[in-house]
Amino acid sequence: MNNESISLQIRGGATCYSVPIGPVHPALKEPIRFEFNLDGERIVGVDIKPGFAHRGIEYMGMRRNLIKVLYLAERICGICSISHPLALTQAVENAAGIEVPPRAQYIRAIIGELERIHSHLLWAGVGAHELGFDTLLHLTWKVREKSMDLLEQLTGNRVDYAIPIFSGVRRDIPDEKAHLAYEALDYYRGLLDKMIDAYLHDKSVEMRTRNVGVLSYDDAIALCAVGPTARASGVKKDVRQDMPYLAYADMEIKAITPEDFGTEPIGDVYDNIIVRLLEVAQSIEIIEYCLENMPKGELMSIPKIPALLAALKKAEGEGIGRHEAPRGEVFHYVRLEEGIEEPVVWKVKAPTYNNLMAWIPKFMGEEIADIPIIAASIDPCVCCMDRVHLVDRGGEPSVKVKDELVRLSREKTRRICG
Amino acid sequence: MIIGTLFKQLFGKPATNPFPVKYMPRSVTALLEKVGAGKAAINPPIPVPSDLRGKIAYDRDKCIGCQICIRVCPANVIEFLPEEKKIRMYVARCTFCAQCVDACPVGALSTTDEFLLADTDRFSENLVVG
Amino acid sequence: MTATLVSSIWQGVIILFGGALLGMVYKGFDRKLAAQMQGRIGPPLRQPFYDVIKLMIKENVVPDHAVGWLYNLMPIAALVAAATLLFYIPLGGFAPLLGGYGDLILILYLLAVPSLAMMVGGFAAGSPYATVGAQREMVMLMAYEFPLAVTLVSIAWRASYLVPGQPVFSLSVLAAHPLWGAVGPLGVIGLVLLFGALFIVTPAELTKIPFDIPEAETEIAGGLLAEYSGRNLAMFYLADAVKMVVMASLIIALFFPYGLASIFGIGGGWGSLLDVMFYLVKVFVVIFAAVITVRVGFARLKIDQVTRLFWLPVTGAALLGLLLLALDGIV
Amino acid sequence: MIPEEILASFRDAFGERIVNERTIERKVGTVEPRSVYDVWIEVDRETLHDAVEHLCRHFNPHLSVISGDDLGEKVAFNYHFATGWGERYGEATFTIRTFVPKDDFRVPTITDLLPGAQTSEREKIEFFGLTVDGIPDDRNLFLPEDMTIHPWRKDLEEETSKEVRRTVKWEGRDE
């Protein structure tokens, strides 16, 4: 691919017209704006503008103590609500040199993989909805409930599990709860064939996804794509395999590509479905291994919170934490200084941050009808800031704060009712 | 084949839990009044585990006023009352991480399984603990 | 003379309101059963009525860039065309009110009018989504009109040999002389093919999944209807409901016009009532099979895929059906 | 990949131009612990582009992100790469750090080598006010287009907090 041609902004010729998609659009689950230049139904140019939900989390995080930062990190994304804490705890533990007890490592991995199951099922449902196949959406989300229920049983909440903490985990998985996990795993194992049948052997799904939104192997590498998006193109990149961490270091984990399904990787949406469904199967195996081989022992190496706060305040150094989230690599960089409770630097990299650029080759040359499914194919998670909004009504674009928006809304209500 | 599943579901029970009522009532407030008076029943929510991280309960007598919970609370829910050396929590801001429960050295805080906390006033009696 | 006119007007009013009412009831069934099939509870059966009432009292927004008069006129055109259709279609075993003044060809044109109205409304709305939707509707019309026309004309043409001396393009004549018993085995195969073609055209005519491309909620946010609101949207909604009944009635009139009353030998008022009930059941079955099951069982197709589907296999099936009917006439 | 290999290759190619280098070994695994490595090297801004080019030519890197650390007079930019992906235990993180003085606040772009770096570079432009020479697109990415403040610059703290405070006023209560 010609490097100069890749930009977030590619414009077509003069005969084109432009169609804006987003920030509010039924195809998008989170606010992001695409401006497509179209020639008939064909996409010849695209400009991507994220940032409608930028909350300044890193800015906030550099102004509060690390335990508070942990829960802030959990709220970067509601779906990867364990991935960011896992990466952050590892970064801080690497920086401060804190050991994590083996049992805690296993529990972190179990919750992480459960999240992968529910996230991939969520994605599969959204993908079906984008194709206009709502029935498949409802069927998929119905079975997704089981993993959410299990997470609620194990952690005490359906989202934002609050399980990892620096130096360990906060809750144990006792034997009386482990059987619930086995039950859920059996449930999913029995469903896998049906899922693969419903998605991969359905004619209308195949018609809409095969050779649509192709990301070539070379583009995936040049654009630094991560996670299932990269693996669908045949790039065998998976942090759990490449640079193991936590309990993943005890297991033989292999990056899943369409080759495991017996097909050549093309990098289209269909391959994305293959990779994600097979990863659900992989997660089931990992959880089972973890449950069976979970060592006994303590949960936190520094169990007292005041002692933990003191240890973190004393720590000096920098650390990198990486975790293979359902959508790809999550990366946290933290620098701590002695005597300062807050992280001096905290940089968060969510998977969509890398995959943003992968959208461009995927969109180019496709049709309007493919926009939703291609947009969904990288499983975007637009986790970003602000409660201000730009409004352009004839004059200069101006920043409206919430009070003003409330006032405008009330005015309109009055106008309609009166 | 998916069609088979569809027909099975056509005659089966829907997956949706009809909490609180199956269809939108003509008037929500009237229904709530009726439920309050015991004249109507609503469908219960799906049972939650006993160790759900719900609304935090506060044992005022046990509290020693050490303020560790205030240091760890990510949402600044907890206010310190200096005269009495006790705390007050504004549940409307709570993120239900229960870190304060873990941090409390004397066990004055605990989680409950209460989660139906919607209210029109964020300072209502139900949403201020302590 | 005056008496017949008054009675005709009365009948017309009854048919109009009855048709709209029926359409909304079937829409309610459509939503409820689709929900059940998807494992949901779904809205109550009377939800379409709530929707229409709510839309009627909502603000009618006209976008800044729209061509106002055209934009506001099109919903009325769509509803009027759909309502007019009711007068030409045999409902409940009765002969159509205006059966003597128009025939199958008129019905064919009237069926296209609501789609055309939506298309013009979409272009007039001045929104890119509506424009894309209108372009898609145009392509869709071109795709499914041909097999639809072939199907209707083949049947009438074959009937012209079997019931000589009658205006065979009139639906009531066709309904009175079902072809199934009159043709040979080749003809039956031909009729089955024609029925299949009409069956596939039905969801496209009604813009339901997998052919809801002009509206495609997740792609172009409702497309043609993206800018419509309030009363205008309610009129399109009603037109759609009426069209559903009309399409089902058309299939019934052409292929399943049989009544129960003659079989059981019940005459008079009770017989008519039984036939009406049976007709309602038949409409329900057709809608269930051609609309509800199809729309929950498939993904939305793309416009090029739809065009290919209608021009090659569906048109092919319709033409083959025509050929078989012709052969049947010769043999 | 053993980090020595990468480091040796860099020493050969750049010699004295590598200001600083550091390898951190970590043990992972609870049953049979094995080592994984974090490698850090520091180069001058002038060497940055060459170093990344060398990395791209020989080690097929993946750029995770570029992080920035405001140190007062200058800002440290860490280019967090990872190389050797594709096999078990094959990967090591490889961070190239460069210090950029605030009075000459510019770095060369690396998007000509790795197009995927654009997101990260644009983020540095808006959040630090950095100038990236040769980047094909330097518009704001995450922040509104008319936003002029640079939130991660510690010397511009006052302006930033004024903007932040204006937008996070809690309805009915000024905090």
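Two strands pair if DSSP finds at least two bridges between them. Helices (H or I, at least four residues) and strands (E, at least two) are DSSP runs, numbered from the N terminus. This is a predicted model: local features need pLDDT of at least 70, side-chain atom pairs count only at pLDDT 80 or more, and totals for chains, interfaces and linings use all residues. Residues are numbered from 1 along each chain as its sequence is written, while chains are lettered from A and ligands numbered from 1 in the order in which they are written.

**View 1. A three-stranded sheet in chain B.** β2(B) and β3(B) (residues 86-90) pair in the antiparallel sense, over four bridges. B:Glu79 has B:Arg88 of β3(B) as its bridge partner. The open sheet has three strands, in the order β2-β3-β5, with antiparallel pairing. β2 (78-81) and β5 (128-129) of chain B are its edge strands, and each pairs on one side only.

**View 2. A hairpin in chain D.** β1(D) and β2(D) run antiparallel and are joined by 10 bridges. D:Arg26 stands opposite D:Val36, which belongs to β2(D). Five residues lie between the strands of this hairpin. D:Gly29 takes a positive phi near 100 degrees there.

**View 3. Helices α4 and α11 of chain A.** The axes of α4(A) (residues 102-130) and α11(A) (residues 269-293) come within 9 Å and cross at roughly 155 degrees. Axes are lines fitted to C-alpha atoms, for helices over the stretch in contact, and angles run from 0 to 180 degrees between N-to-C directions. The crossing angle therefore makes α4(A) roughly antiparallel to α11(A). (Angles under 35 degrees count as roughly parallel, over 145 as roughly antiparallel, 65 to 115 as roughly perpendicular and the rest as oblique.) α4(A) passes α11(A) in a left-handed crossing. A crossing is left-handed if the near helix is turned anticlockwise from the far one by less than a right angle, and right-handed if clockwise. Residues making the contact include A:Tyr106, A:Ile110, A:Leu114, A:Ile117 and A:Trp123 of α4(A). From α11(A) they include A:Ile273, A:Val280, A:Ile286 and A:Leu291. By class, this contact has 14 nonpolar, three polar and four charged residues. Ala, Val, Leu, Ile, Met, Phe, Trp, Tyr, Cys and Pro count as nonpolar, Asp, Glu, Lys and Arg as charged, and the others, Gly among them, as polar.

**View 4. The two domains of chain A.** Chain A is divided into domain 1 (3-53 + 357-417) and domain 2 (59-350). The bounds come from an automatic or database domain assignment. In this chain, 17 residues of domain 1 are in contact with 25 residues of domain 2. (Two residues are in contact if their C-beta atoms, placed from the backbone, lie within 7 Å.) On the domain 1 side, α14 (359-363) and α15 (371-377) of chain A give two or more residues. α15(A) gives the most, with five residues. The domain 1 side has 11 nonpolar, one polar and five charged residues.

**View 5. Where chain D meets chain A.** Four pairs of chains touch, and the most contacts are between chains A and D. Chain D brings 42 residues to the contact and chain A brings 47 residues. Elements of chain D that each supply at least two residues include β1 (18-28), β2 (34-43), α3 (118-128) and α4 (157-167). The largest share of the chain D side, six residues, comes from β3(D). That side divides into 18 nonpolar, 14 polar and 10 charged residues. Chain D does not touch chain B, and their nearest C-alpha atoms are 11 Å apart.
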